[in-house]
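Please read the points below with the model open beside you. They take the salt bridges, then a surface patch, then a pocket.

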Amino acid sequence: MPTDQRATHAVLAWLTSEQGADDARSEGALRDLLGLLQVPVPPSDFPARVMTASVRDSIVPAATSPSWLRRPVRVLAWSSGGLAVTFGLLVVLGPWVVRQLVRLLNFSVQGFVWIIGGVEGGLDTWSLLVEVGRALGATLATPQVSASVVVIELVGVAALYALVRVLSLDREST
């Protein structure tokens, strides 16, 4: 039987079974009818035509090929900026950091001597911990230490922001 006659026969069989009360037979006839339908196949150049039209209509931005010079210049600029900031911070903050390290070393020696003196004087472990906690609390409550903690937090936020920017630039370049 030719395809047109089979299709006509399948449509008539489905319509007559649909008018009847037999759902299973109606479903089978519909399955047979759908099996005769041809699956449309798009032409091979269809994706290229769609992308060309979408770029032409500004739906999708046109792919720009990155210049071979753009990435090395960007890396050089970021590297030189980071080097300049690092060098500047070392020159400006270097002496201050050394003074603070010396003070910290002196403080730790004095603390060790204080703990040994407390143990020799008969203080128990909990009394020593209470005294150390009070000293740390008093130290953290000073404006210089509080400001230092705030500055450290701001530097951390700036570093995280810079990391996100660098990673997003890297993602865009690939």
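1. By the rule used here (a side-chain nitrogen of Lys or Arg within 4 Å of a carboxyl oxygen of Asp or Glu), the count comes to 2 salt bridges. Please keep in mind that this is a predicted model, in which local features need pLDDT of at least 70 and side-chain atom pairs count only at pLDDT 80 or more, while totals for chains, interfaces and linings use all residues. Residues are numbered from 1 along each chain as its sequence is written, and side-chain values use heavy atoms, with hydrogens and water left out.

2. Another salt bridge joins the side chains of Glu 131 and Arg 134, at 3.1 Å from N to O. These two residues are 3 residues apart in helix α5 (residues 125–140), and so are separated by about one helical turn; helices here are DSSP runs (H or I, at least four residues), as are strands (E, at least two), numbered from the N terminus. Glu 131 is partly exposed at 31% relative accessibility, and Arg 134 is exposed at 55%.

3. A nonpolar patch on the surface, whose members include Val 85, Phe 87, Val 92, Trp 96 and Phe 107, has about 1,100 Å² of accessible area together. Patches are made of residues with over 30% relative accessible area and no salt bridge, like charges being joined within 9 Å and nonpolar side chains (Val, Leu, Ile, Met, Phe, Trp, Tyr) within 5 Å; areas come from the Shrake-Rupley method with a 1.4 Å probe, and for residues only the protein chains shown count as cover. Val 92 lies in helix α4 (residues 70–120) and is exposed, with a relative accessible area of 61%.

4. The largest pocket has a volume of about 760 Å³. Of the 18 residues that line this pocket, the closest to its centre are Trp 96, Gln 100, Gln 144, Ser 148 and Ile 152. A pocket is an open set of points on a 1 Å grid over the protein atoms alone, where a 1.4 Å probe fits, with protein on both sides within 12 Å along at least five of seven lines, and lining residues have an atom within 4 Å of a point. α4 gives the most to the lining of the largest pocket, with 9 residues.

Note on methods
Buried means under 20% relative accessible area, exposed over 50%, partly exposed in between (1.4 Å probe, protein chains only). Grid points are joined across faces, edges and corners, and a volume is the space filled by probe spheres set on the points.
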